[in-house]
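Hi,

Here is the model I promised to pass on. Have a look at it first, and then read my notes below.

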Amino acid sequence: MSEEKKYNINVNRAEPDKQDIKKYENFNNVISKHKAVTKRPNYRRKRTYFILLLILLLAYVVYLSEKEEKEKGLPQTEQTPVNIDR
Amino acid sequence: MLSVFKKNNRTPHTEQELIELSKTDKRYFAPIYERYHEQIFRFVYKRMSSMDEANDITSQVFLKTLLNLPKYKHTGAPFVSWVYRIALNEVNQYYRDKKKKRTININDFDIKHIIKDAEMTHDYQLQDKMIETLNELDEIKVLLLEMRYFEKRSFKEIASILNITESNAKVKVYRLLEELKKKLSTSQNV
């Protein structure tokens, strides 16, 4: 029996009373933990999608404004060589 | 119209009804929690060293029960067996995470019962040897002894908690008693 012991063995430990256990009863705690576990990822997911949508919208606005700028600037650069020929 | 209203507003009575309702509204789980809290707490406390640890694990057990409730299907076995199985997993997970030695709580009386079932004659030396021998057993064997002798569960209960057949539970316990008898008799001869 020189091997290391696998378990902590308690002999004749007193059993807790019904009242002692009742003190630990807390269903609201379980429910709030459940809410925390199940709801938070949803909120996070919603927030992530919202931020992604904002980034996409911003990128689209930037793209549109750049496109508009290009369209405004393009005829001038294209027409210059034509004008010189004439 | 009134009858429909009454039907919808009637309070659910059966456990099965409450379980089904809890799948969509968790508040319906409260009576089930109240009904089983004490026995699950005792089950966990038997395997823990303190009440606070047992409380943490017990609330974790009920949280896991709630989270897995949509997957629960009534197979004829009592609902509480399913909760016990979750409790067992949680206790095992706790010891795996903490890398602590598992706690076993036993009584002199229960040891006498094992010795009697192993068809050996009781004496205090043998009782001490039996406690020492527990340290040589695997987790599943300790679990069987705990449930059968320290918690005095029927083979039917043990079977439904471990998700095995009743006859399989009986065979496992009797084989374990044989093994204990062999171990004790060899240590007695040495």
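In what order do the elements of chain A run from the N terminus on? The order is β-α-α, with one strand and two helices in the chain. Helices here are DSSP runs of H or I with at least four residues, strands are runs of E with at least two, and both are numbered from the N terminus.

A word on conventions before the rest. This is a predicted model, in which local features need pLDDT of at least 70 and side-chain atom pairs count only at pLDDT 80 or more, while totals for chains, interfaces and linings use all residues. Residues are numbered from 1 along each chain as its sequence is written, chains are lettered from A and ligands numbered from 1 in the order in which they are written, and side-chain values use heavy atoms, with hydrogens and water left out.

**Chain A**

The mean pLDDT (the predictor's confidence in each residue, from 0 to 100) of chain A is 81, and 76% of its residues reach 70 or more. Within chain A, helix H1 (residues 18–22) has the highest confidence, at 92, and helix H2 (residues 27–85) the lowest, at a mean of 81.

Chain A has 86 residues, and 9% of them count as buried. For burial I use relative accessible area: under 20% is buried, over 50% is exposed, and anything in between is partly exposed (1.4 Å probe, protein chains only).

Most residues other than glycine have a negative phi. Asn12(A) counts as partly exposed because its relative accessibility is 40%.

Under 35 degrees counts as roughly parallel, over 145 as roughly antiparallel, 65 to 115 as roughly perpendicular, and the rest as oblique. A crossing is right-handed if the near helix is turned clockwise from the far one by less than a right angle, and left-handed if anticlockwise.

- Helix H3 (residues 30–45) and helix H5 (residues 79–98) of chain B have axes that come within 11 Å and cross at roughly 40°, so H3(B) and H5(B) are oblique to each other. Their crossing is right-handed.
- Helix H4 (residues 51–68) of chain B and H5(B) have axes that come within 9 Å and cross at roughly 125°, and H4(B) and H5(B) are therefore oblique. H4(B) passes H5(B) in a right-handed crossing.
- Helix H8 (residues 139–150) and helix H9 (residues 155–162) of chain B pack at about 140°, with axes 10 Å apart. That pair, H8(B) and H9(B), is therefore oblique too, and the crossing is right-handed.

**Chain B: the two sides of H7**

In helix H7 (residues 124–134) of chain B, the buried residues are Leu126(B), Gln127(B), Met130(B), Ile131(B), Thr133(B) and Leu134(B). Why do they lie on the same side of H7(B)? They cover an arc of only 160° around the axis, taken from the directions from the helix axis to the C-beta atoms. The face turned away from that buried side carries the exposed Tyr124(B) and Gln125(B). At the N-terminal end, Asp123(B) caps H7(B), with a side-chain oxygen 3.0 Å from the backbone nitrogen of Gln125(B).

In the loop between helix H6 (108–117) and H7 of chain B sits Glu119(B). Its phi is near 55°, again a positive value in a residue other than glycine, and Glu119(B) is exposed, with a relative accessible area of 63%.

Ser81(B) lies in helix H5 of chain B and counts as buried, at 3% relative accessibility.

Glu15(B), in helix H2 (residues 15–22) of chain B, counts as buried at 18% relative accessibility. Its side chain makes a polar contact with the side chain of Arg35(B) (3.0 Å). A polar contact is a pair of N or O atoms within 3.5 Å; within protein, one must be able to donate a hydrogen and the other to accept it, and residues adjacent in sequence count only if both atoms are side-chain atoms.

Best wishes

Definitions and conventions
Axes are lines fitted to C-alpha atoms, for helices over the stretch in contact, and angles run from 0 to 180 degrees between N-to-C directions.
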